[in-house]
Amino acid sequence: MAKEIVKNRIPNWLSLKKFMQGLHAAYAVVIFATTFIFFFPLLMLPVIFPRHFHLVGVLNRWWARIFLSASFIPYENDYRVKLDTSRQYIFCPNHFSYLDIPSMGLNEVNSIFVGKSDMEKIPLFGFMYKKLHITVNRDSLKSRYSTFVKSCEAIDQGKNLTIFPEGGIITVNPPDMARLKDGAFRTAIEKQIAIIPVTIPFNWIILPDSSFLPRRRKMKIIYHEPIETKGLTISDIDYLKKKTFEVIDSELKKQLNEHR
């Protein structure tokens, strides 16, 4: 009899848990939309006044902080080294979850994103994203080359870049990363600026790509020491990719082992 009561309670508890997760997800969507509408006029400032591009990073940071705090998602930026804000960087995080975008919005170093052109299709948000960031259609060779050119131009203008080097959420078995693509590393070598590997260990647990039901866990974003590119040439792309992959992958394994 006791066993039957336990069996009946488990499905009820799971149903309640899923209902609460669904409620949290719906609430987070409302918060995302509300905060975006609030910030939209401000985000138009660097569109109208391109010389003030640093505002993109500032506004992204405030947006991400408000969205995550209002969505009850705790977070922590972990900088393993103090970054020199007088230098330029390309930030390369792993990418397993849609939460990775607001996570990188928390970056204390102002930067713009290089992301998929699919973002342009989102009403209003897509317009803002296209104007402030760099988009790429990875199925088009012409688009990939154009993105490389625009990325180099952005560096020449004094901007920092955030590029998800896996090319999207494409891994089939997180936290195992997909193979890194060349774009970020080609740009870094061309412009002789450092790569910052970034490990985001728990977002795929908080919000899996296959689900819109968030789970309660602290978000963590780990910024590693810069990988210098001074003196590297195009023939060193594979070396740079391998080194970046190893730094992120090693930290992913370490974090997951420590927080099981």
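Which residues lie nearest the centre of the largest pocket? In this predicted model, they are Phe32, Tyr98, Ile101, Pro102 and Met119, among 40 lining residues. A pocket is an open set of points on a 1 Å grid over the protein atoms alone, with protein on both sides within 12 Å along at least five of seven lines; lining residues have an atom within 4 Å of a point. Local features need pLDDT of at least 70 and side-chain atom pairs pLDDT 80 or more, whereas totals for chains, interfaces and linings use all residues. Residues are numbered from 1 along each chain, and side-chain values use heavy atoms, without hydrogens and water.

The largest pocket holds about 1200 Å³ of space, a volume being the space filled by probe spheres set on the points. Helix 1 (2–43) gives the largest share of its lining, six residues. Helices (H or I, at least four residues) and strands (E, at least two) are DSSP runs. The pocket lining has 29 nonpolar, seven polar and four charged residues. Here Ala, Val, Leu, Ile, Met, Phe, Trp, Tyr, Cys and Pro count as nonpolar, Asp, Glu, Lys and Arg as charged, and the others as polar.

Ala64 is found in helix 3. Beyond neighbours within four places in sequence, Ala64 is in contact (heavy atoms within 4.5 Å) with Pro102, Gly105 and Leu106.

Terms used: 1 Å grid on protein atoms, 1.4 Å probe; cavity = no way out; pocket = protein on both sides within 12 Å on 5 of 7 lines; lining within 4 Å.
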